[in-house]
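These are my notebook entries on a structure that I looked up today.

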Amino acid sequence: MIPVKKLLFGISISLLMLVAAPVFAQESTLTVLCTPQEDWCVAMTAAFEAETGIDTNYVRLSSGESLARLRAGRQNPEFSVWWGGPADAFIAAAEEGLIEQYESPNAAAIPEEYRDPDNYWAGVYVGALGFCSNVKVLEELGIEPPTSWDDLLAPELKGFVAMAHPATSGTAFTAFWTIVTLRADALEAEAAGTGYDEQGFPTPAAIDAAFEYYAQLNNNILQYTRSGSAPGSLAGQGEIAVAIIFSHDCTKLQQEGFEGILTTTFPEEGTGYEIGGMAIVANGPEPEAARMWFDWALTAAAQEIGPTVNSLQLPTNPDAAVSELSVNLTEINLVDYNFVAAGLNRVAIAERFDAEIAAAPTS
Amino acid sequence: MITVRNSGQRYAAKYLNALLKDPLLSIAIIVSVMFVLITIVLPLVAMVGESVSESGRPLFQQYLSSPVYQTIIANTLVLGVLVGMVGTVIGFLFAFVQVKLNVPFKRAIHIIALVPVISPPFAVATAAIVLFGRNGTITRGILGVRYDIYGLDGLVLVMTLSFFTIAYLNLRGMMEALDPALDEAATNLGANKWRIFRTVTLPMLLPGLASSFLLLFVEAIADLGNPLVMGGNYEVLAARIYVTIIGLYETTGAAVLSVILLVPSLTVFLIQRYWINRISVVSVTGKPSGTPQSIDHPLVKWTLYGAVLLICGLIVLIYGTIIHGAFVQVPGVRWDWTFANFDFVINGIGSQAMRDTTTLSALATPIAGLLGMIIAYLVVRKEFWGRNALDFGTMLGIAVPGTIIGIGYILVFNTPIGIGDLTLIPKLTGGQGIFGGALAIVLVFVIRSVPAALRTGSAALSQIDPSIEEASISLGADNARTFRRITLPLIRPAFLAGLIYAFARSMTTISAIVFLTTPQTKIMTAQILNEVENGRYGNAFAYCVILIAIVMAAIGVLYFVVGAQTGAERRLEGGR
C-alpha cells in the first residue's frame, strides 16, 4: 500500500513540475482566498511555496465574507484561487459566475460525491457539524450535553449558546440548512409534496419553519460571531455552555489546551456536514499558478497537512492518511444535505437571517 | 494672533499680492487644501451621495421605521452618553487629584492614566473577559458569581477605561490654567473650599467638562473593536455597519447606516467646535499667578485619592493580565507558562503584519506631524480665503467615525479616478491598488492623526508672539525659511507630541483599516481581531504586548530624533 502511495505522490509531483516548469517565468506569485482556520492557511501556503517556489499570499475570510468580497471585486478580482469553506458557498459563487470551471488531472482521484459534476469546484475535505460543550458549565447548569437540536432550546441555556452569523460564516449556514432539511423531512412525512418540491429542493414552508426554530434559539444565543469556529473558544473559556460548530473545530480546540474541558456530541435526529470546496476564481490575476494550486491541493500529500496543525477535517483524497482523531462519519446520523439547494438559497437566507433574527433583541 | 478685517476688495488685492510674492506659501495652501479635499472630503461626499442614491433612499425609510434599527440607534446613543458621563467623571477625578491634592505617587498615577492611549483595541476588552467574564478569574474564581459582562455594562466599563485619558488630559490642562488668584479672592471674601469649588472652579471648568463629554461620546459611538468582542446582543451602529459591509458587502446599506451614525457624531463635533469654545471662560493668555491651592480636608482628600487608586489598580490589573496572558497557554483556563504564543505570532502569521504595520505607521508619522504643523501655521498665522474651512475639513478626519472613513475609501478609491483617458488618482484600495493597497492605508493613518497634530500645533502657536516671526521676515527670510527656522523649533514640543500621537494612533487604529487590508498588506490590529474572535487570547495578548513594545520603542526614537528639549519633556509629561 505504502509504496503505491509514494509512487502516486512521486508521479503527481513530477507531473506538477512538468506543468509548472514553463509557468515559472510568467507567474511567480499566487493570492489565495483562504476560508479555514488561519494556521492551516499558513501551513498550506508555506508548503505550496516550498514546493513550487511561487510566492504565495493569502487572506483569511469566512465563507460568507469571501463570497461578498469576490462579488465586490468581480470587475477586477484580487484572488486567483479560493480554498476551503462549505461547498454551498461555491455553488452560490458558480451561480453568480464568480468562479470558473477547471478539470484538474488530479480530480479523478476524488470520489464523485465530493466534487461538482460541472467541475466548478472540487472537495478538499469533509466534516460534520456537532455541539461543542463545556463540561463544567453544563454541570453547573445541571444539564446533560445536548443530543438533539431541541435540547438547545432548554431555558437553562438562555445566553449560554453561541453560533456564528450565517451571513459571514459557512459553519452557521450549514447549521441553518440542516434545520431546513430536518423540517422538510418532517413536512414530507406529514404530507407528500409539502416538504420538498418536484426538483427535490426544500419548500419555502420548510425554510420558514427553520426560521421559526432559529427565532426561538435566538433567545439562548449569547453572540453571533463572525467566524464559524469562534464559538468553540467561547465554550472553552467557559463563557458559554454549548457552541454549534464543526466537530473537527472542537477536536482542534481539545488538542490545543481544552482537553477534558470540551466535549463533542451530535444531534441524534441528524446533523449537517460540509464538503470543503475549492475553485478557481473567474478572471483571477494568476490563472496558471491557481491551477497548480488546485492540482496540488487535491493530492494526498497536500491533504495530510491539516492534521499537522490540528485541523482534523477528513481528506477527500482516499489515499491521504486519516488522523485517528478525526470523526468517523459512518458512526453519526447525517441529514440528506442538498448542497445545490443550499447554495441557491444561501444569499437570500443570509440576508433574511440578518434582518429578522441576528439584529433582533432577545426576549 | 492679529486679525485684521479688511473690506473685500482690499483683501482680495492684498491676498493676491501676498500669494504672488510668496509662491511657496501658496503652494503650501494649495497642497493642504487639495489633500483635505481628496483624502477627507471626497470620501465623505461619495458616501453621502451613495446613501441618497436611487437604491439608498428607500433604505433610510426602511431602517428608520424598523423597530430593530430604532433599538440599535437608541443603543448607540445610550452607550455614547454613558461612556461620556462616566469617562468625564473619571477623567475629572484624575485631573483633580493631580492638580488639587497633595498626595504621594502622583507621577505613577499620571503614567498609569496614559497607558490606555498606546494600547491596541481589544486588549482591554479581552482582558476584561478573562478577568470579569462569566468564567472570569475574578468574578467566577474569587467572587464565585457568573457575571454577564457581555452587553451595555461591559462595554461602558472597557470603553471608559480605554478613553478616559482624553478627558483627563483635557481637564488637567484646563485646571492648571485656572488662575489661583480667583480662589484666593474667593477665600478672602469668606468662601469655604466647597463653595469655591461649586461657584468658582466648576463654572470655569464647565466648558472643559462639556467638551470632554462630547469627545468621549464621539469615541464611544464610533468604536468598533469593543462591540465586536463583547457586545453580546447589545447591537450598535458601528458593528452593524461592519457586518453589513464585511458579511453582506452591501455598500449602499452600509452607507445609509453610516450617514445615520454621522448625524450624532457631526452634531456633537459642531457643538463642541462652535458652542463650547464660545462659552469658554478660561483665559489662556499669560501664566497663572502663584500655585494652585491644595485641598486638605482629609475625608475629601482620601476618598478621592482612594477612588483614583482603585481605578489605577484596575488598569494595572488589566494590563498585567495582558502581559501575563501573553505567556500562558490559555489565559483564564490554563495558566501554564509558555512561549508558544510569541512563537505563533512572531514566526507564524504575525511577522509580515508587524513589518507592514510598523513601516506604514512610520511613513505616515512624519507626514501627519509636518502636515499638522503646516496647517496649524497657515490657520493661525496666515489670512486666506477658506482658512476656517481648511481647519474644519482637517478636523473632520477625526470627527468622522473610522468605519465611515473606511467605507468612503472603498467607494471612492476602488476604481481609478480620471478625466477621459487621463488617470488623476489610480486605484488605491484592494490588492490591485497602488502598492498593494498600502497607500490608502497610509492616507487613512495620516488623516486620522493630523487633527491632533493640528490642535497641539495651533495651541502652541497661539501662545507664541507673532512678532518673533515678523522679525525674521523683516530681516529678509521668506515664509518657508521662517517656518523652518523659527516657528517649527519654537513649537517643537507640539510637533513631537503630534508625531508620537500619529505613530501610536496609526499602530492601534482598527475601525477604518479593517476594510482596507489586502493580501499584500497585513495590519496587526486586524490580525489581533482575528485572534480574539477565534478565542486564541494568548496569541492576541502576545500581539498586544509586541504592539505596545513597538510603540514605546518608537516614542523613544522620536524623543531622540526630534530632540526632547526640557520644554518638550515638561509639556508632554504634563500632558498638554
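**Entry 1: Chain A as a whole**

I began with burial in chain A, where 58% of the 363 residues count as buried. I noted at once that the model is a predicted one.

I then looked up the secondary structure of chain A and found twelve helices and eleven strands. The C-alpha trace of chain A spans about 65 × 45 × 35 Å along its principal axes. I compared the radius of gyration with the value for a compact globule: for 363 residues that value would be near 21 Å, and chain A, with 20 Å, agrees with it. For the contacts of chain A with a separation of 6 or more, I recorded that 76% join residues 24 or more positions apart.

**Entry 2: The two domains of chain A**

I looked up the domain assignment of chain A, which gives domain 1 as 2–126 + 274–326 and domain 2 as 127–273 + 332–358. The C-alpha centres of these two domains of chain A lie 27 Å apart.

I returned to H3(A) to check its burial. H3(A) is mostly covered, with eight of its ten residues buried. The buried residues of H3(A) include A:Ser63, A:Glu65, A:Leu67 and A:Arg69.

A:Asn119 is not a glycine, yet its phi is positive, at about 65 degrees. I placed A:Asn119 in the loop between strand E4 (99–100) and E5 of chain A. A:Asn119 counts as partly exposed because it has 16 C-beta neighbours inside 10 Å.

A:Asn283 also is not a glycine and has a positive phi, of about 55 degrees. Its place is the loop between E10 and helix H10 (287–297) of chain A. A:Asn283 has 14 C-beta neighbours inside 10 Å, so it counts as partly exposed.

**Entry 3: Chain B as a whole**

I turned to chain B and found 24 helices and four strands. The C-alpha trace of chain B spans about 75 × 75 × 50 Å along its principal axes. A compact globule of 576 residues would have a radius of gyration near 25 Å, and the 24 Å of chain B agrees. I noted that 51% of the 576 residues of chain B count as buried. Of the contacts in chain B with a separation of 6 or more, 79% are between residues 24 or more positions apart.

**Entry 4: Where the chains meet**

I looked up the contact between the chains, which takes 43 residues from chain A and 36 residues from chain B. On the chain B side, the elements that each supply at least two residues include helix H4 (67–100), helix H12 (237–246) and helix H15 (340–381) of chain B. That side of chain B has twelve nonpolar, 17 polar and seven charged residues.

**Entry 5: A helix crossing in chain B**

I followed H15(B) to another helix, H21 (residues 492–508) of chain B. The axes of H15(B) and H21(B) come within 8 Å and cross at roughly 145 degrees. The crossing of H15(B) past H21(B) is right-handed. Among the residues that make the contact are B:Ala364, B:Ala368 and B:Gly372 of H15(B), and B:Gly498, B:Ala502 and B:Ser506 of H21(B).

**Entry 6: One glycine in chain B**

Is B:Gly325 buried or exposed? B:Gly325 is buried, because 27 other C-beta atoms lie within 10 Å. I placed B:Gly325 in helix H14 (residues 298–325) of chain B. Beyond its neighbours within four places in sequence, B:Gly325 is in contact with residues including B:Ala127, B:Val130 and B:Tyr537. I also noted that B:Gly325 and B:Trp335, ten residues apart in sequence, are 8.0 Å apart in space, C-alpha to C-alpha.

Key
Residues are numbered from 1 along each chain as its sequence is written. Chains are lettered from A and ligands numbered from 1 in the order in which they are written. This is a predicted model: local features need pLDDT of at least 70, side-chain atom pairs count only at pLDDT 80 or more; totals for chains, interfaces and linings use all residues. The radius of gyration is taken over C-alpha atoms; the globule rule is 2.2 Å times the number of residues to the power 0.38. A residue is buried if 20 or more other C-beta atoms lie within 10 Å of its own, exposed if 12 or fewer, and partly exposed in between; C-beta atoms are placed from the backbone. Two residues are in contact if their C-beta atoms, placed from the backbone, lie within 7 Å. Domain bounds come from an automatic or database domain assignment. Ala, Val, Leu, Ile, Met, Phe, Trp, Tyr, Cys and Pro count as nonpolar, Asp, Glu, Lys and Arg as charged, and the others, Gly among them, as polar. Axes are lines fitted to C-alpha atoms, for helices over the stretch in contact, and angles run from 0 to 180 degrees between N-to-C directions. A crossing is left-handed if the near helix is turned anticlockwise from the far one by less than a right angle, and right-handed if clockwise.
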